[in-house]
Protein chains: 4
Amino acid sequence: MNNLLNESIQQITEQLKHWRRDFHHFAESSWFEFRTATIVADELHRLGYSLQLGKDVIKADARMGLPSEQALHEQEQRAIQQGALKAWLPHFSGGFTGIVATLETGKPGPTLAFRVDMDALALNEAQTPEHRPYVEGFSSCNAHMMHACGHDGHTAIGLGLAHVLKQHECQLTGKIKLIFQPAEEGAQGAKPMVAAGVVDDVDCFIAIHIGLGNSPGGLVCGKDNFLATTKFDVIYRGVATHAGAKPEEGKNALLAAAQAALGLYAIPRHSGGSSRINVGVLQAGSDRNVIPAHALMKVETRGETNEINAFVYQQALNIIEGAAKMQGVEYELIPMGSAQNSQPSPVWVDFIYQQAGQHVPELLSVVKRHKLSSVSDDATYFMERVKANGGYATFLVFGSELSAGNHNERFDFDENVMATAVKTLAVIALQLPDFKVD
Amino acid sequence: MNNLLNESIQQITEQLKHWRRDFHHFAESSWFEFRTATIVADELHRLGYSLQLGKDVIKADARMGLPSEQALHEQEQRAIQQGALKAWLPHFSGGFTGIVATLETGKPGPTLAFRVDMDALALNEAQTPEHRPYVEGFSSCNAHMMHACGHDGHTAIGLGLAHVLKQHECQLTGKIKLIFQPAEEGAQGAKPMVAAGVVDDVDCFIAIHIGLGNSPGGLVCGKDNFLATTKFDVIYRGVATHAGAKPEEGKNALLAAAQAALGLYAIPRHSGGSSRINVGVLQAGSDRNVIPAHALMKVETRGETNEINAFVYQQALNIIEGAAKMQGVEYELIPMGSAQNSQPSPVWVDFIYQQAGQHVPELLSVVKRHKLSSVSDDATYFMERVKANGGYATFLVFGSELSAGNHNERFDFDENVMATAVKTLAVIALQLPDFKVD
Amino acid sequence: MNNLLNESIQQITEQLKHWRRDFHHFAESSWFEFRTATIVADELHRLGYSLQLGKDVIKADARMGLPSEQALHEQEQRAIQQGALKAWLPHFSGGFTGIVATLETGKPGPTLAFRVDMDALALNEAQTPEHRPYVEGFSSCNAHMMHACGHDGHTAIGLGLAHVLKQHECQLTGKIKLIFQPAEEGAQGAKPMVAAGVVDDVDCFIAIHIGLGNSPGGLVCGKDNFLATTKFDVIYRGVATHAGAKPEEGKNALLAAAQAALGLYAIPRHSGGSSRINVGVLQAGSDRNVIPAHALMKVETRGETNEINAFVYQQALNIIEGAAKMQGVEYELIPMGSAQNSQPSPVWVDFIYQQAGQHVPELLSVVKRHKLSSVSDDATYFMERVKANGGYATFLVFGSELSAGNHNERFDFDENVMATAVKTLAVIALQLPDFKVD
Amino acid sequence: MNNLLNESIQQITEQLKHWRRDFHHFAESSWFEFRTATIVADELHRLGYSLQLGKDVIKADARMGLPSEQALHEQEQRAIQQGALKAWLPHFSGGFTGIVATLETGKPGPTLAFRVDMDALALNEAQTPEHRPYVEGFSSCNAHMMHACGHDGHTAIGLGLAHVLKQHECQLTGKIKLIFQPAEEGAQGAKPMVAAGVVDDVDCFIAIHIGLGNSPGGLVCGKDNFLATTKFDVIYRGVATHAGAKPEEGKNALLAAAQAALGLYAIPRHSGGSSRINVGVLQAGSDRNVIPAHALMKVETRGETNEINAFVYQQALNIIEGAAKMQGVEYELIPMGSAQNSQPSPVWVDFIYQQAGQHVPELLSVVKRHKLSSVSDDATYFMERVKANGGYATFLVFGSELSAGNHNERFDFDENVMATAVKTLAVIALQLPDFKVD
């Protein structure tokens, strides 16, 4: 297997870098991945994959954190100007930027799915001489959009894997599904894809991430302990009035939000494990001399288990409602994202550990499990659905030298990680017949 | 008139001092005025006044801030040990320590009522050499009970007035009512007396106070602008749990109270006039390592008008309920007292101003109206009821040199004020036939 | 006098309306009054007034609430495009948009100053069919700038008065100063003009306002009881950190601001009179999943006296500093505006009352004093300086039918008020020799 | 060994129960263990142990949470009335209720120390028919003092062990120290005993506890993960003033405490492990109508490591100081107790695991380590000192059926656990020569 595979990998290596830098330059944040999606779809189509697109893989009313129609429209125009392929665009229009590509081998065997994510962060990229993407001319040309979490690399890996698997199609069995997900950053895109049923037929599932502080050049076969999370906005609506002339006629939305923020941070710790609460943004009021009639809070809760997250969230609901009552204001709570806690399937991790160790000498280290209970990823929705159906799921991390931490404006990674990742994932697909569960 | 009246006043002067010091020594706080009431009743009875007592003048379920049955019982026992007259005690038992004494002259004429209050403050009296009551041996012998507001003097004045009016009965017309009210300090005693109808037949009403920062030796004929007030307790009941082992199982009543206290002080100012809010007491929790399951707040609102006070109170209700909701705790709100805003009747003030100026040369100054919008007195309930029935009402203040401000543990007054007050009030009663309203 | 004066007023009436609508259409908010100022300067220059401009009448470092240099530059460009007169612009460049025009009569007599303000509010004007300025085509063409407080009318009145006084120059005595002030809305522009000494030689001073809820067609000769006010921004600077991964490494500026906001609203009432406190705006944080490292609060305090305002402000300083300490964040306090309490000079009010009653029959009512302690105006700085130098000062209000309250997006006034105002002010100037003070 | 040992245990069993019930009946809370200490001292003296008492084993100024001198005096009188042995009392007078008993075997060998605690909780015991101590007549006769944590049993075990070891003295080697500690509940008594050097010569250390939710009849050989904790009181001192008349002259201590309480609960979670914060008690203010001038908070912080606890404590200091600053009040912080995080020595746990498994068949289960990071015990001070000196330390838990959880008013345990515990501890002492460390 290895000679042929290595050849395929070598052929694709330069292309991986090209794709990655193209996506990086035209970074598109959540639900705005119009250009990226058309390029991905076009490439997969040309390779011969059968495609499901847009509304077929994203349940409309399960989407969270969707931008306004106007913003979606404007971004679609921006994407066209930046080279989005117009033939594919209608499928994704209006915030349906997901793709599932299927390869039916015609041979019996389980269905194996790979999930990569395509969205950038809402962040301005550093445009400074020590930042390689800037120096080499591929830093983001879109304001407040930057690939600072490596999803540009994930998308490139997904395309590279599509190439390689197609080349080795005759050696594969069962069915391969490549899932390109939008809107991971706010934990918004996975739930509507799961709701559309895209992993209902999947037996073995792999999500991937590069970096995340893991050993450069190494592989973690089963990332553990994602924090379950719920993300939501709170809007308080009161009554404005002149603060000098008629303070008593106001209903103070800012005060409600301040009371709520204090209450939220004061939610009790949980003896069952880690929890988190954050009010990341509070915007209230209009003018200095007006009793503030409007307030917005961007909140997130997290928990080491779904139950702990649910506990924090339930407390938050009480606090938010009570604070509204205190000031006599109305409130609205808008779901903006969510992810679950999930554990990888041990036998599936063992299999990957074995195959990677044996067939991918490029990996500098292979680690079975890695425990870190402080981040969230909505790939957990796919994992839990697959496991609930009796399948096996895991989350792989490919370590890479990083120029700065994830979500930093100077984030960059060692592009060699992409070829290694493609090879590792291809090996798993090719060796899948050896995966036996008693 | 004056020679005979002056003689009567002279006869009573020493007795006024004796009564005052006796009441001062055996100070009794709100609803505990058992000893005081029996002495007052006995004295009025011996003078020949017809008496209404206890439940006849205090509507049971309109009482506020009533102590526990056990406390009432213990204090009744204490009163007996301190010389309460057992024959009269049953009338007052259980917290019904009010008296109305009536003198029917048999001659036609309006009904004139005088109201004095009998209760001490819940305060420990200074027992120090610069404090005259201590030096002269009449400081309070009851812990946490002290006449630091002059009600001992008021009660003595009421008794002195009873003596003098009786002596001049043949010159009087109409009906005289002397009202001895309990529990003024918490604004608790007037409402149930009004509810019992004790001023329903009153045409002209006078309440009195000594001191209050007014010019020593002078008279204010119409004190203005009492703040309306509502006094209440709030109890939060949550769930206790070990703060180390199971913090998430608690419902934190202390946190609810802290949120509420902050919210209460933050109630907006009112452009229509002065308002006040105070959380005078907050007691919460049991042990350092237990999530606090209980909290008590003693709160009062005030307003320059009844409407402003009602505004503050309504805001407070929202805040208290909202804070309970925030922490998932239960709450209870217990009315503890109230007083209204009230203005004196101008023609009645004019009459008193004229009579006092003409017939009471002992007064060093006579002032018509005095505006001070920062204190409350539940005599306003009597005033408003009388005025609502078409009568006339006012609140007189007899200025006196004070050793310390009202409610201070070193409060004392110049006892000469009592004779002057008795004379002034008697003059008003004797001159009442001259009070003509068009 | 009256025939000639009436003729002058009639000549100017249509022009008043033209000016007002021009200023209304090209509304310019605080420190951006570039176009307005050039037109005013040009007009006054053509009339023959001697002018002091820009830095000569505005002390640079006494300005408050100055926009950024970039914003000033952009607005200056905007003004040029909207017809600002380039010859005058350099005087006002960089936020020095004030003008003082002087008419030396050459005859002995006191110096009389009139002050009008020129700035619009930071508000979007209603563009709806029931709003006359929109229907008649003169609603604001500048986003977030609207004359919703009548300063467009004030400026027109100032120009009209300049015309009329020039026509009657031979009848005038002493010196006339016309002060056109920028940036009244945030209480920012008067202090630096006073600091530049523009009223140091003034004996008699008049500031004006239209509307303010006073009787349409009427005049208030001495508006009372402006609330003293202090306006300031607070910035908290903490440390951002990932809310899931390292919450303990953050310094939470949002929490500091929430604590401060609660504390500010809870500043105690003052028994000496009305006070106000408002946190009109709170903006904190960047992203939902980041501990907020930045917060901005826009705050104002007010008091019925300078002392009460100072009390509230001092409490606010403690609270703001304490909240920073609580969260371990840095803070900065930026003065943004201020006004004093001021009372009109009684003899000056009496004189105006007399002259207006006698010579301006167009006024439907003339009222001496009007008490309303709920608004602020920084004209009080001029008033206090003039009075401190032994002069006389007042604040006139010309009542007008309003379509909506001041500061409302549908505010409009009856333009006839302008001619009446010009006549009244001209009468005062012409009759000034009759103003005798013992 | 076992036959003789079993005989000794059998002889002592009834006595264990007698002691425990006596201590339970005369429960004495922290620093008030006068009666208990005299009985313990007398018993140990009669057995022939050499004693160190009071100030010799408790460093005076390292004590925390000491009651007032008056309370200490009153409780000493109470103890005398309840049978405290007067001969021993002077040693313990003034809050020095600790004892160290030493048995010198004369043979070479390490020094082995056992620590038990003697204090009751500040809790009223249930006096109800379903509560065995009440039914059988040994429930606490002291108000607000109850052995609801099993320390009565610990003291009895300590005395029983003293008996048994004395009987087997000839088989023992080295030195045995029995430490009877006061004031464990508030984490107050261990630190001053360590400061007095009582374990400076100890090579092997064992602290014990019964119950704690462990398997009835079983033994945990090394309890893990005690939470480090700091316990302290905060006092705020402001200025009282009449809430109606002069609210602006007050300095509100209640508001400071409410702000602080909210801030304390809002201290951020720590990504390094569990933390806790609790404001268990808040008492503020005097009267409803007085701005509160005094507030007391009883606070505790905890952390899974000493560092995490120190982090929470440091945040708390900032919050407490900042809240004082906000309200312009003074504050004082009084240390009331502390405990460290500590881990048992693995080789020492292994030895005990082996010996208990082999020689104590009465144990229904033997478990090496038990992780539970939610409680604190100041035995950790002894453990850390011993380990710092190169010795070995652990904390044993003897599981028992409980009638209610620790700290509950209906707490009771299965008294059979005492004999099992004595035997286990004696076995360890007797087998100590087998404890070899490389």
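The model is predicted: local features need pLDDT of at least 70, side-chain atom pairs count only at pLDDT 80 or more, and totals for chains, interfaces and linings use all residues. Residues are numbered from 1 along each chain as its sequence is written, while chains are lettered from A and ligands numbered from 1 in the order in which they are written.

Two of the annotated residues can be followed further. A:His151 lies in helix α6 of chain A, residues 151–167. Helices (DSSP runs of H or I, at least four residues) and strands (E, at least two) are numbered from the N terminus. A:His151 counts as buried because it has 28 C-beta neighbours inside 10 Å. A residue is buried with 20 or more other C-beta atoms within 10 Å of its own, exposed with 12 or fewer, and partly exposed in between, with C-beta atoms placed from the backbone. Leaving out residues up to four places away in sequence, A:His151 touches A:Asp117, A:Met118, A:Asp119, A:Ala120 and A:Glu184. Contact means that the C-beta atoms, placed from the backbone, lie within 7 Å.

A:His407 sits in the loop between β12 (392–398) and α12 (416–431) of chain A. With 17 C-beta neighbours inside 10 Å, A:His407 counts as partly exposed. Apart from neighbours within four places in sequence, A:His407 is in contact with A:Leu121, A:Ala148 and A:Cys149.

Note on methods
Contact = placed C-beta atoms within 7 Å.
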